[in-house]
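Please look through the structure shown here and follow the report beside it. The report goes from single residues to the whole chain.

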Amino acid sequence: MGYNQAYNAYRDTNVKTASQGRLIVLLYEGAVKQLTLANSMFDENGKLPVRSIEAFGKAILKAQEIITELQVSLDMEKGGEIAKNLMSLYIFFNKELTETNISKDQKRLEPILKMISDLCESWRQAAASSANAPQTQVQQTLNIQG
């Protein structure tokens, strides 16, 4: 098995066995990775070289696809005010990223990258704390007392 095949198998297993919280973190990490990649393509003057335009657009689009996945995964009924606020943020992110992709403006990209990075860290902490929380209800599957 080649390195790429092994890595893909590991990644697939990681996703298939992840908790809901961990899946959200993985999505955020993917968005951060794509936006960091897009941001790294600017030169020291904040300009995007012509040779990087296509790769920049692909990275922005991948980030938007991830944000859209986060958006459609919101449970608006159970999520209440938090879900509404996240929905507004996701709409804002996608709008700003569309404008960034058109304008190729690094100053427009950086605050979005910062906000998504901050959200990623918050979800990472939330997922870690819920994974270590005590189980409040244990269902009996076998009653040995009759």
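Tyr28 is buried, with a relative accessible area of 1%; buried means under 20% relative accessible area, exposed over 50%, and partly exposed in between (1.4 Å probe, protein chains only). The model is predicted: local features need pLDDT of at least 70, side-chain atom pairs count only at pLDDT 80 or more, and totals for chains, interfaces and linings use all residues. Residues are numbered from 1 along each chain as its sequence is written, and side-chain values use heavy atoms, with hydrogens and water left out.

Leaving aside neighbours within four places in sequence, Tyr28 is in contact (heavy atoms within 4.5 Å) with Leu70, Leu86, Tyr90, Ile116, Leu119, Cys120 and Trp123.

**Aromatic pairs**

The structure holds three aromatic pairs. Rings of Phe, Tyr and Trp (its six-membered ring) pair if their centres lie within 6.5 Å; planes under 30 degrees apart count as stacked, over 60 as edge-to-face and the rest as tilted. Two of the pairs are given here.

| Pair | Type | Centre to centre | Angle between planes |
|---|---|---|---|
| Tyr28 and Trp123 | stacked | 6.4 Å | 25° |
| Phe42 and Phe56 | edge-to-face | 5.4 Å | 80° |

Helices (H or I, at least four residues) and strands (E, at least two) are DSSP runs, numbered from the N terminus. Trp123 is partly exposed, at a relative accessible area of 25%.

**The nonpolar core**

A nonpolar core is a set of buried Ala, Val, Leu, Ile, Met, Phe, Trp, Tyr and Cys residues joined through side-chain atoms within 4.5 Å. The largest one has 27 residues, and those with the most contacts inside it are Tyr28, Leu35, Phe56, Tyr90, Leu97, Leu109 and Ile116. At least two residues of this core come from each of helix H2 (20-40), helix H3 (53-72), helix H4 (76-103) and helix H5 (106-131). H3 gives the most, with seven residues.

**Gln64**

Gln64 has its place in helix H3. At 12% relative accessibility, Gln64 counts as buried. Its side chain is joined to that of Thr98 by a polar contact of 2.8 Å. A polar contact is a pair of N or O atoms within 3.5 Å; within protein, one must be able to donate a hydrogen and the other to accept it, and residues adjacent in sequence count only if both atoms are side-chain atoms. Leaving aside neighbours within four places in sequence, Gln64 is in contact with Asn94, Leu97 and Thr98.

**Helix H4**

At the start of H4, a side-chain oxygen of Asp75 reaches to within 3.2 Å of the backbone nitrogen of Glu77. H4 bends by about 75° at Ile82, the bend being the angle between axes fitted to the seven residues ending there and the seven starting there. Buried residues in H4 are Ala83, Leu86, Tyr90, Phe93, Asn94, Glu96, Leu97, Thr100 and Asn101. H4 is followed by Lys104, whose phi is positive, near 55°.

**The whole chain**

The protein has five helices and zero strands. Of its 146 residues, 31% count as buried. Among contacts between residues at least 6 apart in sequence, 61% join residues at least 24 apart.
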